[in-house]
Amino acid sequence: MSDTDTEPEPLVRRAADVEYEAVDAAEGLRKGVLVSDADGAPHFAIRRFTLAPGAEVPKHTNEVEHEQYVLAGEYTVGVGDEEFTVGAGDSLFIPAGTVHWYRNAGDEEGAFLCAVPNGDDTIELVDDA
């Protein structure tokens, strides 16, 4: 068996070991990668996002699907032509190529998990003009 054929190893990552970084496309949005292919996960990455009060993420599309689970706060998500208010315990599925956006008009930070397939993900901002 070659090095590229090795079996994935189990992983436990402690919350304190996750590094968060600002997301360039949206002020007030931060991302921490919890598990990804860099950790040996063969198929999916799990990321945790935080959305500060007053933060907005512009309309955009992603090349890959998103499965999301809301951990905290209450915020608005636009998916296609619809708007949804989501809160802790809610789940979302955003198909690849679907226009979506986020707005946190509340006083509390929003947080959600996002699972995506490993690999490249092209993000394109959508211009309403």
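The lining of the largest pocket draws at least two residues from each of strand E1 (20–22), strand E2 (29–35), strand E3 (44–51), E4, strand E5 (66–72), E9, strand E10 (110–117) and E11. The model is a predicted one.

**Largest pocket**

- The volume of the largest pocket is about 620 Å³.
- Its lining comprises 36 residues, and those nearest the centre of the pocket are Lys31, Arg47, Phe49, Asp121 and Ile123.
- Sorted by class, the lining contains 20 nonpolar residues, together with eight polar and eight charged ones.

**Aromatic pairs**

- Four aromatic pairs are found when the whole structure is searched.
- One of them joins Phe49 and Phe112, whose rings are stacked, with 5.1 Å from centre to centre and 15° between the planes.
- This pair connects distant parts of the chain, since Phe49 belongs to strand E3 and Phe112 to strand E10, 63 residues apart.
- Phe49 and Phe112 are both buried.
- The ring centres of Tyr102 and Phe112 are 5.4 Å apart and their planes stand at 15°; this pair is therefore stacked.
- Tyr102 lies in strand E9 and Phe112 in strand E10, so that the pair links distant parts of the chain, 10 residues apart.
- Tyr102 is buried, as is Phe112.
- A single aromatic cluster is formed by Phe49, Tyr75, Tyr102 and Phe112.

- Strands of a sheet pair through backbone hydrogen bonds, in either a parallel or an antiparallel manner.
- Strand E4 (residues 56–62) and strand E9 (residues 100–103) run antiparallel and are joined by three bridges.
- Val57 has Tyr102 in E9 as its bridge partner.

**Where the topics meet**

- Tyr102 is the bridge partner of Val57 and also belongs to the aromatic cluster.
- Phe49 is among the residues nearest the centre of the largest pocket and forms a stacked pair with Phe112.

Definitions and conventions. Residues numbered from 1 in each chain as written. Predicted model: local features only at pLDDT ≥ 70, side-chain atom pairs only at ≥ 80, totals over all residues. Heavy atoms only, no water. Pairing = 2+ DSSP bridges. Helix = DSSP H or I, 4+ residues; strand = E, 2+ residues; numbered from the N terminus. 1 Å grid on protein atoms, 1.4 Å probe; cavity = no way out; pocket = protein on both sides within 12 Å on 5 of 7 lines; lining within 4 Å. Points joined across faces, edges and corners; volume = space filled by probe spheres on them. Nonpolar A, V, L, I, M, F, W, Y, C, P; charged D, E, K, R; others polar. Phe/Tyr/Trp six-rings, centres within 6.5 Å; stacked < 30°, edge-to-face > 60°. Buried < 20%, exposed > 50% of the residue type's maximum accessible area, 1.4 Å probe, protein only.
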